[in-house]
Amino acid sequence: MKKIVLLIAMAVSVTMNAQVTRVSLQASGLTCSMCSNSINKALKTLDFVQEVDADVKTYTFEISFKPNAYVDFDMIKKKVENAGFSVVSFEATIVFNNVHVTNNQPVTIEDKTFLFVNINDQSLDGVKKIKVLDKGFVSPKEYKRNALPVSPPRIYYATI
Amino acid sequence: MKQPFLIVLIFLSLRGKGQELFAVTEPASNIATGSIGFRVDHLIMNEINSSKINYHLIPEIIVGVSKKLMIQGNVFFSNRTTKFKAEGGSVYAKYRFLSNDAMQRHFRMAAFGRISRNNSDIHQEEINMYGHNSGIEVGLVATQLLRKVALSSSVSVLKAVDNGNNNKYLYGSKNSNAVNYTFSVGKLMLPKEYKDYRQTNINLMAEFLTQVNTGSGKYYMDIAPAVQMIFNSQSRIDIGYRAELSSTLLRTAPNGFFIRLEYNFFNVFK
């Protein structure tokens, strides 16, 4: 019995090495407030979203999440696209618990695998912001400029 | 002819951001996936050579099927004949096939089509799939949004057929085809700066609407200026006036006011 508890405790400690607490995204392709509101309302339908704080002036949406919920980056992007617009910037605020990251080496953080690029090898501890660089998470121009190879599913390119 | 160009010049000389939710034409953008809009159009047109007002009431439902596809359905009511009654309806679909987004701007293109059914008598050479003729219209629309200004242009081909209730198309099958050209410009006037979704938006727009009958070569050219208010980022009212600038086509009521009321429900379905 003790062994099982220990295993569970280990498993939990492995998965809880970080937690996505917020996402800040900027949408493009719009100016009208009705368009912005359609994104705002679409993001609010996601079951893992706690709150959306929309800045109408900058087309930025600050999204907070329900505790311990799985935060699906692709679904967030899809909601913006289904409203008829695009994501040009996607920053996730993550609370790290001593995670070592190496440039160009995949690292699994909580439930996602990231491939950090353009970083110095380092240990991440505490609240940090990472920027997702995959297609559809940055502007087409920026995506082209970064010239990253297509990432396998569920692996996100990111930088700090 | 001087008037429309003056209005365009006034529009272009003003500084600010733009709107593309035009009052007469549709932009290349669609409503959000899963959203449903309800719209009621009122057309209050002056009948030429009479004191009669032709009132058209067109309730419409708009469904955002996917990010690329939007479908609309409506019913045409009017008092143009003896009494106010339902005369037909139409189904409209628009497919956005190109979308280049950037901060506060986009360029989009869409293909659209409308199938109309109307049971009223045919009384004019103008072919109008929005409450007068049975037939089909297909076309392309391109829309450029540049901050507060939106520009949109469309080309469509129309084919009129006999109306219902044995009301024949009167002008010969050779003259039952037409091409519509539209150019629309819209501009966000207020608010000067967005702060929250409850601010009322005021847009001014001007639309140029031209039809050329491919059989007879006859044409019309109209202008439709409108003012639009958007409330709570959810509902809108457009008030405008459509005026004939020039025409060689027989038309019974080309001039008049129009009022559009619209309310959008977001995320009705996934």
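**Figure 1. Strand β7 of chain A and its two partner strands.** In this predicted model, β7(A) and strand β8 (residues 155–159) of chain A are antiparallel and are joined by 2 bridges. Across this pair, K131(A) faces T159(A) of β8(A). Strand β4 (residues 86–101) of chain A also pairs with β7 (residues 122–132), again in the antiparallel sense, and here the number of bridges is 9. In that pairing, A92(A) is found opposite I130(A) of β7(A). Where do the side chains of a regular strand point? They alternate between the two faces of the sheet.

**Figure 2. The open sheet of chain A.** Chain A contains 4 helices and 8 strands, and along the sequence they follow the pattern α-β-α-β-β-α-β-β-β-β-α-β. In which order do the 8 strands lie in the open sheet? The order is β2-β3-β1-β4-β7-β8-β6-β5, with mixed pairing. Strands β2 (49–55) and β5 (106–109) of chain A each have a single partner strand and stand at the edges, so one side of each lacks a neighbour in the sheet. From one strand to the next, the twist averages 30 degrees. Within the sheet, β1(A) and β3(A) run antiparallel and are joined by 5 bridges. S24(A) has E62(A) of β3(A) opposite it. Helix α2(A) packs on this sheet, where it touches β1, β2 and β3 of chain A. The direction of α2(A) makes about 165 degrees with that of β2(A).

**Figure 3. The crossing of helices α2 and α3 in chain A.** The axes of α2 (residues 33–44) and α3 (residues 73–82) of chain A come within 9 Å of each other and cross at roughly 145 degrees. The crossing of α2(A) with α3(A) is right-handed. On the α2(A) side, the contact is made by I39(A), A42(A) and L43(A). On the α3(A) side, I76(A), K79(A), V80(A) and N82(A) take part. Sorted by class, the contact of these helices has 5 nonpolar residues, 1 polar and 1 charged.

**Figure 4. The surroundings of helix α3 in chain A.** Which residues of α3(A) are buried? They are F73(A), I76(A), K79(A), V80(A), E81(A) and N82(A). These buried residues pack against α2 and against the strands β1 (18–28), β3 (60–65), β4, β7 and β8 of chain A. After α3(A) comes G84(A), which has a positive phi, near 105 degrees.

**Figure 5. Nonpolar cores.** The largest nonpolar core has 50 residues, and those that touch the most other members are L25(A), A27(A), I39(A), V132(A) and A158(A). β4(A) supplies the largest share of this core, with 6 residues. Apart from neighbours within four places in sequence, I39(A) contacts A27(A), F61(A), V80(A), A83(A) and F85(A). A separate core of 21 residues includes L204(B), A206(B), F208(B) and I223(B). In chain A, which has 160 residues, 38% count as buried. Of the contacts in chain A between residues at least 6 apart in sequence, 68% join residues at least 24 apart.

**Figure 6. The barrel of chain B.** How many strands make up the closed barrel of chain B? It has 12 strands, in the order β1-β2-β3-β4-β5-β6-β7-β8-β9-β10-β11-β12, with antiparallel pairing. The twist from one strand to the next averages 20 degrees. Strand β1 (residues 36–46) and strand β12 (residues 255–265) of chain B run antiparallel and share 11 bridges. One of the bridge pairs joins N46(B) to N255(B) in β12(B).

**Figure 7. N201 of chain B and the contact between the chains.** At the contact between the chains, 21 residues of chain A meet 30 residues of chain B. The chain B side of this contact has 9 nonpolar, 13 polar and 8 charged residues. N201(B) belongs to strand β9 (residues 201–213) of chain B. Is N201(B) buried or exposed? N201(B) counts as buried because it has 24 C-beta neighbours inside 10 Å. Leaving out neighbours within four places in sequence, N201(B) contacts C32(A) and S33(A) in chain A, as well as L188(B), L190(B), P191(B), M229(B) and I230(B) in chain B. From N201(B) to G135(B), the separation is 66 residues in sequence and 36 Å in space, C-alpha to C-alpha.

Notes. Residues numbered from 1 in each chain as written. Chains lettered and ligands numbered in written order. Predicted model: local features only at pLDDT ≥ 70, side-chain atom pairs only at ≥ 80, totals over all residues. Pairing = 2+ DSSP bridges. Contact = placed C-beta atoms within 7 Å. Nonpolar A, V, L, I, M, F, W, Y, C, P; charged D, E, K, R; others polar. Axes fitted to C-alpha atoms, helices over the stretch in contact; angles between N-to-C directions. Left-handed = near helix turned anticlockwise from the far one by under 90°. Buried ≥ 20, exposed ≤ 12 C-beta atoms within 10 Å, placed from the backbone. Core = buried A, V, L, I, M, F, W, Y, C linked by C-beta atoms within 7 Å.
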